[in-house]
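Q: I would like to learn how to read the features of a model like this one. Can you take me through it, step by step?

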Amino acid sequence: MPSKAIGVKELLILLLLFILINVPVKAQILPSITVNTIQQLKFGAFTTLSNGGTVIVSATGSRSVTGNIIALNMGAPVQQAIIEVQAVAGTIISIVPGADAVLTGSNGGTITLHIGSTQPASPFVITQSSVRVPVNIGGTLTVNNLVLNKAGNYSGTFNMIFISQ
């Protein structure tokens with residue numbers, strides 16, 4: 001029986017199969033992260049005139065206003081939100097803000113909340129295991145006039161996604 005010689009085409013197919021079969025695969029499962037709310041985001045007391053505007057609380061907790069908003073110093077707290085994040089050292093944390101939130105007023109009306117910057121800025125690296133890292137979060141309220149946004153207390157919730165890598 002005559003032996004058949006292997007051609008270049010067959011050799012390339014065998015070599016390709018050999019390479020595909022011998023590809024090493026590695027995977028790493030990172031431990032989960034823990035996220036806890038420490039402090040709520042609060043905008044304090046303010047009033048609006050004819051056209052409304054915005055109330056901004058920075059990630060450091062300072063408040064500013066734009067448009068026809070008047071900030072009132074009536075003892076109502078102004079503070080950034082603080083979330084504590086805990087993960088193993090070397091974990092990269094990325095924060096993705098959710099969609100704008102709608103705050104509902106105690107006397108009717110709604111105000112839109114847009115989540116602002118974070119401190120530390122995203123992404124950041126956890127440098128020590130078992131240490132809770134505070135993440136400060138600011139936001140911006142978009143306020144209409146007093147006809148649409150009646151005086152009262154407005155409240156709601158916002159969502160954020162914390163991604164560990």
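The turns below go from the overall fold to single residues.

A: First, the ground rules. This is a predicted model, where local features need pLDDT of at least 70, side-chain atom pairs count only at pLDDT 80 or more, and totals for chains, interfaces and linings use all residues. Residues are numbered from 1 along each chain as its sequence is written, and side-chain values use heavy atoms, with hydrogens and water left out.

Q: Which elements does the chain have, and in what order do they run?
A: Elements are DSSP runs numbered from the N terminus: helices (H or I, at least four residues) and strands (E, at least two). Here there are one helix and 13 strands. From the N terminus, the order is α-β-β-β-β-β-β-β-β-β-β-β-β-β.

Q: What share of the chain is buried?
A: Buried means under 20% relative accessible area, exposed over 50%, and partly exposed in between (1.4 Å probe, protein chains only). Of the 165 residues, 26% count as buried. The accessible surface, by the Shrake-Rupley method with a 1.4 Å probe and, for residues, only the protein chains shown as cover, comes to about 10700 Å². Carbon and sulfur atoms hold 60% of that surface.

Q: What share of the contacts joins residues 24 or more positions apart?
A: Contact means heavy atoms within 4.5 Å. Of the contacts with a separation of 6 or more, 71% join residues 24 or more positions apart.

Q: How do I read strand pairing, and what is the order of the open sheet of three strands?
A: Strands of a sheet pair through backbone hydrogen bonds, either parallel or antiparallel. Two strands count as paired if DSSP finds at least two bridges between them. The open sheet has the order β10-β7-β13, with antiparallel pairing. Its edge strands are β10 (124-125) and β13 (160-164), each pairing on one side only. Two bridges join β7 (residues 92-97) to β10. Ile-92 has Val-125 in β10 as its bridge partner.

Q: Which strands does β6 pair with?
A: β6 (81-86) is joined to β1 (residues 34-39) by five bridges, running antiparallel. Thr-34 stands opposite Gln-86 there. β6 also pairs with β11 (residues 133-143), antiparallel, over five bridges. In that pairing, Ile-83 stands opposite Val-135.

Q: Which side chains of β8 point to one face, and which to the other?
A: In a regular strand the side chains alternate between the two faces of the sheet. In β8 (residues 101-105), Ala-101, Leu-103 and Gly-105 point to one face and are buried.

Q: Which strands flank β8 in pairing?
A: β8 pairs antiparallel with β9 (residues 110-119) over four bridges, and Leu-103 stands opposite Ile-111. The two strands form a hairpin with four residues between them. In the turn, Gly-108 has a positive phi of about 100 degrees. β8 also pairs antiparallel with β12 (residues 154-155) over two bridges, where Gly-105 stands opposite Tyr-154.

Q: Why does Thr-91 count as buried?
A: Thr-91 counts as buried because its relative accessibility is 3%. The residue lies in the loop between β6 and β7. Not counting residues up to four places away in sequence, Thr-91 touches Ile-33, Phe-124, Val-125, Ile-126, Ser-164 and Gln-165. Its side chain also reaches the backbone oxygen of Val-88 at 2.8 Å.

How values were computed
A polar contact is a pair of N or O atoms within 3.5 Å; within protein, one must be able to donate a hydrogen and the other to accept it, and residues adjacent in sequence count only if both atoms are side-chain atoms.
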